Structures are given as C-alpha cells and as structure tokens.
Amino acid sequence: MSAAHSGSVRTLRVPGRHGYAAEFSPYLPGRLACAAAQHYRIAGCGTLLILDQDESGLRIFRSFDWNDGLFDVTWSENNEHVLVTCSGDGSLQLWDTAKPTGPLQVYKEHTQEVYSVDWSQTRGEHLVVSGSWDQTIKLWDPNVGKSLCTFRGHESVIYSTIWSPHIPGCFASASGDQTLRIWDVKAAGVRIVVPAHQAEVLSCDWCKYNENLLVTGAVDCSLRGWDLRNVRQPVFELLGHTYAIRRVKFSPFHSSVLASCSYDFTVRY
C-alpha cells in the first residue's frame, strides 16, 4: 500500500485491488467507501475499503474482504456506520464499520453479477435497490431478510440503478438493451421507457436541482440529457470521449455541471 499527496489530489494505491465505485459518507466529512476487486474480477476476491482523508493524505480506516469482486457501494441514510455492497456472485452484503468482522447480512437472490446498488435518499424511506446482469431489479429493506419486490422489463444486463433524490419511491435504471427506464415502487412497474442510445447504456444519474432531468452515458461515447416531461429527444448531447462512458454524475452543488469517466482513461466535466 502506498499513498501520495500532491496539491489537492490525494492518492491511495492498494496492490492487487482495482476500484469499481467510490462514495463519500453522508455523515462524516473526509470519509469515503471504495468497492474493489482483484484482477479486474477475472479471479480472486473483493474488498470494501473505508478511507479517511486528512492533511497528510488518505488512510485505511477499515477493510472488509468478500469472496467475489465488489462492484458498487452505497451508504445508509439512517446509520453512519452501515453500508451495502454488491458483488459478482449475485449477492448484496450489509456491513457495519463499527464492527470489524464479516457482513451483518448477506442477501442472495440475483442469479448473476449485481452491478449496481443504491440507498434511497428521500425522507422517510429506508430502501435499497439493486440491478443485476440477470436482467432484474430488486427492492430491499435491509431489516428484512429477503427482497420486497422484483422488477422485470429490461431485455439485457442492468448496469445502473439509482433513486430519484426528489420523488419518493422512484428510481431510474440503465441497461445493455439501450434504454433508460423510470420505475415506480408503489405501482411495482415501469413508468417511462426511454430509447436513450443506439448502444448499451452503462450509467445514469438524476439532476439534484430538477426532478425531471436525468443524464445517460453509453458505449457510443456520448452523454445525453433527458427531460421526463418529453422524452422523444434529448435536451442535450455531449461528445468528446473516445471510448465507452462508464459513469456519469451530476454535481450536487451546480445544476448545470456534471462529470463523466470513460474507458478512454479520462474524466471530463
């Protein structure tokens, strides 16, 4: 393990681990979680890293190993110590950073890799949504040992599932079937199907300042913005990446700023 600090950039390298997702704690400034896998998940295990940053750089506060690669991580919205990860063996894991042992719970219902997991941020909801390569989305209450509901409709692998920060019981998903879909938990079904790209859609995110605006990133190297009130065509398209876009995120501070990372080894905003 090695760490480096240059200007405002803090770097931590953990040999043998490749990061798939990173999320800041909503409670503790400077704490973040990273979901990682060995050998790009071709073989080996996965690791959840809990990192703290200070003036000297990044350091590992806790680390937890799992028997398969970890692809995504999300923090609880009602307990500062609790996280959920998802992995290549089709399971979700519930962790407590205050207890340096194995997971508190393991939820195993998906039949293929779980590539996305997200904890609802709307007030009064304590729900987790997961998206899998088995083409299903599952809804979970972490206090219940089994899923509450399974959503079907996508015709290919699901790469991203993310809750609306504005609308209770509403989440979006992005899939290899080239669509962005908006789902309603109360109706237990899909509300809107958007033919977003003529290529696999690998990522999506909601604008934090506009409940009707989302962005998608795809294998066609483009970012597209969608207004849910009229999805016949995108409200914007951003080009520049030369390989598939792996992740896209709206800024939590500025309504018109977003960032994307790509297999072309660049991050753009």
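A search of the whole structure, which is a predicted model, finds seven salt bridges.

**View 1. Lysine 208 meets aspartate 205 in a salt bridge.** Their closest N and O atoms are 3.1 Å apart. Lysine 208 is partly exposed, with a relative accessible area of 29%, whereas aspartate 205 is buried at 1%.

**View 2. Glutamate 237 and arginine 224 form a salt bridge between two strands.** Here the closest N and O atoms are 2.9 Å apart. Glutamate 237 belongs to β22 (residues 236-238) and arginine 224 to β21 (residues 223-227), so the pair ties together parts 13 residues apart in sequence. Glutamate 237 is partly exposed, at 41% relative accessibility.

**View 3. Arginine 229 pairs with aspartate 227 in a salt bridge.** The closest N and O atoms sit 2.8 Å apart. Arginine 229 is exposed at 60% relative accessibility, while aspartate 227 is buried at 16%. Elsewhere, salt bridges with shared partners join Arg31, Asp52 and Arg59 into one network.

**View 4. Four strands make an open antiparallel sheet in the order β11-β12-β13-β14.** β11 (114-119) and β14 (149-152) are the edge strands, each with a single partner, so one side of each has no neighbour in the sheet. Neighbouring strands are turned by 20° against each other on average, direction ignored. Inside the sheet, β12 (residues 128-132) and β13 (residues 136-140) pair over four bridges, and valine 128 stands opposite tryptophan 140.

View 5. Residues 151-186 are 56% strand and 0% helix, with end C-alpha atoms 12 Å apart. For residues 194-230, the end C-alpha atoms lie 10 Å apart, with 51% strand and 0% helix.

Methods:
Residues are numbered from 1 along each chain as its sequence is written. This is a predicted model: local features need pLDDT of at least 70, side-chain atom pairs count only at pLDDT 80 or more; totals for chains, interfaces and linings use all residues. Side-chain values use heavy atoms; hydrogens and water are left out. Two strands pair if DSSP finds at least two bridges between them. Axes are lines fitted to C-alpha atoms, for helices over the stretch in contact, and angles run from 0 to 180 degrees between N-to-C directions. A salt bridge is a side-chain nitrogen of Lys or Arg within 4 Å of a carboxyl oxygen of Asp or Glu. Buried means under 20% relative accessible area, exposed over 50%, partly exposed in between (1.4 Å probe, protein chains only).
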